[in-house]
Amino acid sequence: MVSHYTTRPVLIASLLASLSGVSFAQDDAASGPDFWAVTGLKPGSSLNVRVSPSSSTDIALQISEGTILRNLGCEGKGDARWCRVEFPDGLAIAGWVSGAYLRESGAPPDADALVAGTRYNATGTLPCILIDYPGTTECPFGVIRAPTGLASVFITLPDGSERLIEFREKAPLTPTGTTMTSSRNDDLTTVVLDGGKETYTIADVVFGD
């Protein structure tokens, strides 16, 4: 199964590195709740997770209403308040979101078990066609499932880089910097990126069904 993400391989490490190199005057996380819930979004809209506390910085990920996030500390006040957050279930994305769309929350339900020695809830291979790598028919993957209906599918390409495709309620999200089309056939989702440069087929079982 593949989601709305496009050509450029997504290197999660580079996002995290850009965060780690920035220091901010930040409130102690202990002064706020342990967890936030995303709230107040317009129907069909998403909240941007950014690499630093400014609306002019790059978007690392988009998340939906009701998503539970771990609080890593906030800065600023009122609608100008920004909070650094991470997913509580092992997702390799951390970033900053506007505090205007956060409310205090309890911990999310327990996530499903991890594959031993990994951060993934499931691993395996999935059908893939890669124009840059003729002859490739199967790609290794690992998936991290969130209780909120978000699934992050990390696909390893032949050069060792990763393609990250996010699914929200089994619907793929277009990766930043790419174009995407997708289709459904029974329990299979086919995702085509950048006009056919990358094609992935993902079964619903990857999402835990």
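Which ring does the charged end of Arg119 sit over? The ring belongs to Phe154, and the charged end of Arg119 lies 4.6 Å from its centre. Please keep in mind that this is a predicted model. With that said, let's walk through the fold.

## The overall picture

The protein has 209 residues, and 45% of them count as buried. Its secondary structure is made of 15 strands and one helix. Take the contacts between residues at least 6 apart in sequence: 56% of these join residues at least 24 apart.

Let's look at some of the pairings. Strand 8 is joined to strand 9 by six bridges, and the two run antiparallel; here Pro127 stands opposite Glu138 of strand 9. On to strand 15: three bridges join strand 8 to it, again with the strands running antiparallel, and Ile129 stands opposite Thr199 of strand 15. Strand 9 (residues 138-145) also pairs with strand 10 (residues 150-156), in the antiparallel sense and over five bridges. In strand 10, Val153 is the residue that stands opposite Val143.

## The hairpin at strands 13 and 14

Strand 13 and strand 14 run antiparallel and are joined by six bridges. Met180 has Leu193, in strand 14, as its bridge partner. The two strands form a hairpin with two residues between them, and Asp186 in this hairpin takes a positive phi near 60 degrees.

Further along, the loop between strand 14 and strand 15 holds Gly195. Is Gly195 buried or exposed? Gly195 is exposed, because its relative accessible area is 81%, and the cut-off for exposed is over 50%. Thr178 is 17 residues from Gly195 in sequence, and the C-alpha atoms of the two are 9.5 Å apart in space.

In soluble globular proteins, nonpolar side chains tend to be buried together. The largest nonpolar core here has 20 residues, of which Leu126, Val153, Ile155, Phe167 and Tyr200 touch the most other members. Strand 8 (122-130), strand 9, strand 10, strand 11 (162-168), strand 14 (188-193) and strand 15 (198-203) each give two or more residues to this core. Strand 8 gives the most, with four residues. Apart from this core lies another, of 16 residues, including Leu47, Cys83, Val85 and Val97.

Leaving aside its neighbours within four places in sequence, Val153 is in contact with Leu126, Phe141, Gly142, Val143, Arg163, Leu164, Ile165, Phe167, Ile202 and Val206.

## A buried arginine

One of the contacts of Val153 is Arg163, a residue of strand 11. Why does Arg163 count as buried? Its relative accessibility is 0%, and buried means under 20%, so Arg163 falls in that class. Which side chain does Arg163 join through a polar contact of 2.8 Å? The partner is the side chain of Glu198.

## Aromatic pairs

How many aromatic pairs does a search of the whole structure find? There are two. In one of them, Tyr120 and Phe154 are tilted, with 5.9 Å from centre to centre and 50 degrees between the planes. Tyr120 lies in the loop between strand 7 (102-105) and strand 8, and Phe154 in strand 10, so this pair ties together parts that are 34 residues apart in sequence. Both Tyr120 and Phe154 are buried.

Notes: Residues are numbered from 1 along each chain as its sequence is written. This is a predicted model: local features need pLDDT of at least 70, side-chain atom pairs count only at pLDDT 80 or more; totals for chains, interfaces and linings use all residues. Side-chain values use heavy atoms; hydrogens and water are left out. Two strands pair if DSSP finds at least two bridges between them. A nonpolar core is a set of buried Ala, Val, Leu, Ile, Met, Phe, Trp, Tyr and Cys residues joined through side-chain atoms within 4.5 Å. Buried means under 20% relative accessible area, exposed over 50%, partly exposed in between (1.4 Å probe, protein chains only). Contact means heavy atoms within 4.5 Å. A polar contact is a pair of N or O atoms within 3.5 Å; within protein, one must be able to donate a hydrogen and the other to accept it, and residues adjacent in sequence count only if both atoms are side-chain atoms. Rings of Phe, Tyr and Trp (its six-membered ring) pair if their centres lie within 6.5 Å; planes under 30 degrees apart count as stacked, over 60 as edge-to-face and the rest as tilted. A charge sits over a ring if NZ of Lys or CZ of Arg is within 6 Å of the ring centre and within 35 degrees of the ring normal.
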